Structures are given as C-alpha cells and as structure tokens.
Amino acid sequence: MRASTLEPPKDDLLESLLGGDAYRPPEPQTLEETGLSPVVIETLILKYLLQVGSASGREIAGRICLPFRLLEDLLLSLRGRQMLIHKGQSQLSDYYYALTDVAAERARVAAAACSYVGPAPVPLDDYIVSVEAQTIRAEAVRRRDVEQAFGDVSVDAPTMELLGPAINSGAGLFLYGFPGNGKTTIAKRITRCFGQHMWIPQTIVEDGQIIKLYDAAFHEAVRATESNIIKVAAHDQRWIKIRRPTVVVGGELTMDSLEIRHDANTNVSEASLQMKSNGGCLLIDDFGRQRIEPAALLNRWIVPLENRHDYLTLATGKKIQVPFDQLIIFSTNLEPTDLADEAFLRRIPYKIEIVDPSIEEFRKLFQSACLAMGCPYQPQAVDYLVQTHYRPYGRPLRRCHARDLLAAAGNYCVFNDTPMQLTPQLLDRVAKSYFTALNG
C-alpha cells in the first residue's frame with residue numbers, strides 16, 4: 001500500500017491520536033511500498049556512511065527515514081557483497097557499519113553525480129495523491145471559521161462579507177488599497193480558515209531527479225510527542241506534518257522562482273513556489289513592484305488558474321504535471337485594472353479593496369495595541385492625536401499607525417526609563433518623527 005487517504009476512524013481514541021487527519025501517509029511495510037528501487041536506497045546508505053564514517057543500522061534508518069526492519073536484509077546484503085563491514089555491535093541486535101574501500105569509491109562516484117543525503121524521496125505520484133486528498137477546495141469555510149481566523153485582526157464588517165465567499169471559492173483574489181491597511185496581514189490569516197495541518201514529503205523523486213519540497217522558510221513543522229504515538233498511528237517518516245503554508249514573496253520574485261530550480265553542482269533540485277504553497281496560500285505581495293513585468297507574471301498564471309495544475313520542467317528536460325492547489329492572492333497598492341487585462345481578471349473573480357479605518361475602528365486599533373503592550377488605554381489621547389496630527393493636515397488614518405506609534409512610544413519610554421503612558425505629550429514626540437519620515 002502506498003501513501004493514501006485513510007477511511008475516517010471509527011474509534012474516538014484513534015481519531016485523537018491521528019489528529020483528525022483526512023490524509024495520513026502510512027508507514028511502508030515492505031521496500032516495494034516505498035515506491036523506490038533497492039539501488040536508490042542502497043546509494044543513500046552508502047553516501048551517508050561516506051559522510052559520517054560509521055553508524056548503527058538504526059542510525060542509518062533514522063537518517064533516511066525508513067523503518068529499520070525494512071533495511072535489515074538490505075544491510076545484510078550489502079555486507080554479503082563486501083560493501084559494508086561490522087565495526088562493532090550496537091544495542092538490540094544491531095551493528096555499527098562502515099564502508100569497505102570498494103563501497104567508499106562507489107559512494108564517492110554517487111555523491112559526485114548527486115550530493116543529496118537525507119530522507120529517502122517520495123515518488124511524484126504519491127505526492128500528487130496527497131495534494132488531491134488534502135485540497136483546500138474540499139474545505140467548506142464557514143463564517144465562524146473566518147471570524148476565528150481573523151479574531152486578532154481588525155477587519156470591518158463589509159470587508160468580512162467579501163472575504164468569506166472569496167476564501168471559500170479557493171479561486172484567488174486581489175487585495176488592493178493604500179499601504180499600511182493590513183493587506184499582507186489579512187492574506188496571512190486567510191490560510192487559517194482552512195484545515196490547520198497537512199502532510200508533505202520532505203523530498204520528491206521523478207525521472208531520477210531529487211526535488212526538495214520541505215522548506216523551513218515557508219513550512220512550519222508540527223511535531224508530535226512520543227506519548228501521542230502508538231503503533232496504529234505510525235506514519236511514513238519521509239513525510240512531515242506542517243501547518244498549511246502561507247508562502248509570501250514580494251519584490252524579489254522572479255520567473256525563475258516559479259520553476260523547478262536545479263543546482264548543477266549538487267544535481268539536486270528545489271521545488272517551485274507553487275509546489276511549496278500547495279494546500280495553502282501563495283501571496284504575491286506588493287504586486288506590480290517586481291523586477292518582471294506584471295503582464296509576464298500574470299500570463300504565467302493563466303493556465304494553472306484555469307486548470308488547477310501546472311507544468312514544470314525537470315533538469316532532464318522531462319515535463320511533469322503537478323497540482324496547482326492553493327489560494328493565490330495578489331496584494332497591491334495599485335488598481336487591479338491598471339495591472340491586468342480582462343482575460344486575467346476574469347480568472348481572479350474576487351477583487352477586494354482594503355479601505356482606511358473609520359475613526360471608531362482607529363480607536364479600537366489603539367485599544368488592542370495598548371493591550372498587547374501592557375499600556376493603559378486613554379481614548380482622550382487618541383482623540384487628541386487625530387485632532388492634532390491628522391485632521392489639520394488631511395492625513396488619512398491607516399491601520400498600521402496604532403502599532404507603529406505605540407512601538408515608537410515604547411522605545412522612547414524604555415530609553416528614558418519611564419513607565420509607558422499614553423499621553424498627548426508622548427504622542428506629540430513620536431508623531432513628529434514618524435510623520436516627517438512618511439512625508440505626511
């Protein structure tokens with residue numbers, strides 16, 4: 001049995017141990033169930049021993065993330081072929097292994113061809129099955145889910161009414177409006193509306209090419225404690241449980257980031273941003289400010305948005321089809337019609353303007369920021385700030401101002417060793433430098 005969707009558990013204890021997962025990669029019971037040839041696994045073992053010198057069988061199994069019982073016969077075979085030698089006995093009928101001279105040479109040749117050493121890869125087909133089983137389109141997002149996800153973010157009721165259906169569609173959206181009103185923050189909260197966790201393989205293999213998928217920069221691993229693991233809940237250790245990802249890219253985005261990137265020196269590839277964001281959200285922040293033309297970037301998305309799959313090219317030249325299963329969000333300070341033509345905008349059916357906060361919401365933002373900083377909230381001081389530093393200059397209210405001004409006030413109080421108090425005098429000090437820097 002390969003990685004697959006499980007039937008809903010009937011036992012409450014089992015369900016709690018499995019974490020309510022709709023999908024869980026089962027632990028392989030044979031080498032055949034890994035989807036890998038013995039040669040691939042042998043090569044990983046040899047390259048690992050070339051790095052460390054010697055290791056026990058269980059240490060080897062832990063490094064390549066396969067059950068030790070599946071490797072015992074393979075290790076015995078390698079020893080019989082004079083590729084490995086025993087360096088001593090380990091615990092629990094295990095041994096320490098080292099390479100023979102012949103095996104060391106074979107390992108060096110293999111490392112020169114591909115330097116990857118780590119968890120055994122998962123076949124591409126198994127990855128595709130996992131994405132389909134964990135698709136965000138299977139999530140029926142309700143009002144309570146959205147309200148809970150945005151519980152710590154100030155979003156006005158009209159915007160919430162627009163966000164809910166857009167999130168539920170899984171079809172993508174534009175968030176536009178003036179800077180400083182929380183477009184990026186809103187986009188990051190959207191992922192929370194879907195199921196909290198999902199499983200991804202750490203690496204994928206296709207056509208002999210290793211593709212690294214797990215990326216600590218974008219993926220937050222969810223580690224289970226040993227006390228919560230029983231035999232029936234064992235999973236394939238090549239996979240890792242993560243929070244549904246929110247991949248954020250801004251002005252640094254290039255077309256190369258949207259393809260599988262191959263390192264010719266290591267012969268190891270890196271998954272594209274789309275693959276890393278599957279099952280979650282892909283936020284193109286500050287859209288229109290990239291080094292590539294918006295039209296070129298938008299054209300790259302048209303087919304994937306329509307068909308929900310993408311075509312990528314391996315280093316061998318082989319084209320592969322991979323899922324395109326994320327909510328793609330374009331966050332911009334510009335009007336969508338200034339960035340995209342009608343054909344593309346039709347494929348992004350939701351365009352939501354994030355407007356400036358009202359005075360009532362502005363006061364609530366200050367109140368929340370004060371609470372977070374442990375500072376007593378003084379509504380009179382906020383009214384003074386608006387009357388003195390906003391209205392005379394026609395200065396718009398922005399959602400980021402409460403956080404920024406209070407942070408500056410906190411820095412001032414720490415420097416002067418004074419208690420944090422929201423006073424007109426303190427707000428005068430921080431507003432002067434803050435708004436001068438912003439030029440109004």
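At what angle do H3 and H4 pack, and how far apart are their axes? In this predicted model, the two helices pack at an angle of about 120°, with 9 Å between their axes. The crossing of H3 past H4 is right-handed. On the H3 side the contact involves Gly 57, Arg 58, Ile 60, Ala 61 and Ile 64, which meet Phe 68, Leu 71 and Leu 75 of H4. By class, the residues of this contact comprise 6 nonpolar, 1 polar and 1 charged.

The largest nonpolar core has 33 residues, of which Ile 41, Ile 45, Ile 60 and Leu 71 touch the most other members. Two or more residues each are contributed by helix H2 (38–52), helix H3 (57–64), helix H4 (68–80), strand E3 (95–99) and helix H5 (101–113). Beyond its neighbours within four places in sequence, Ile 45 contacts Ile 60, Ile 64, Leu 74, Leu 75 and Leu 78. A separate core of 27 residues includes Phe 362, Tyr 390, Cys 413 and Val 430.

Across the whole structure, 9 aromatic pairs were found. The pair of Phe 174 and Phe 287 is classed as tilted, because the ring centres lie 6.2 Å apart and the planes stand at 55°. Phe 174 belongs to strand E5 (residues 173–176), and Phe 287, 113 residues away, to the loop between strand E13 (281–284) and helix H11 (294–307). Both residues are buried.

Phe 362 and Tyr 390 form an edge-to-face pair, with 5.5 Å from centre to centre and 70° between the planes. Phe 362 lies in helix H13 (residues 359–373), whereas Tyr 390 is in the loop between helix H14 (379–389) and helix H15 (400–415).

Methods: Residues numbered from 1 in each chain as written. Predicted model: local features only at pLDDT ≥ 70, side-chain atom pairs only at ≥ 80, totals over all residues. Heavy atoms only, no water. Core = buried A, V, L, I, M, F, W, Y, C linked by side-chain atoms within 4.5 Å. Buried < 20%, exposed > 50% of the residue type's maximum accessible area, 1.4 Å probe, protein only. Helix = DSSP H or I, 4+ residues; strand = E, 2+ residues; numbered from the N terminus. Contact = heavy atoms within 4.5 Å. Axes fitted to C-alpha atoms, helices over the stretch in contact; angles between N-to-C directions. Left-handed = near helix turned anticlockwise from the far one by under 90°. Nonpolar A, V, L, I, M, F, W, Y, C, P; charged D, E, K, R; others polar. Phe/Tyr/Trp six-rings, centres within 6.5 Å; stacked < 30°, edge-to-face > 60°.
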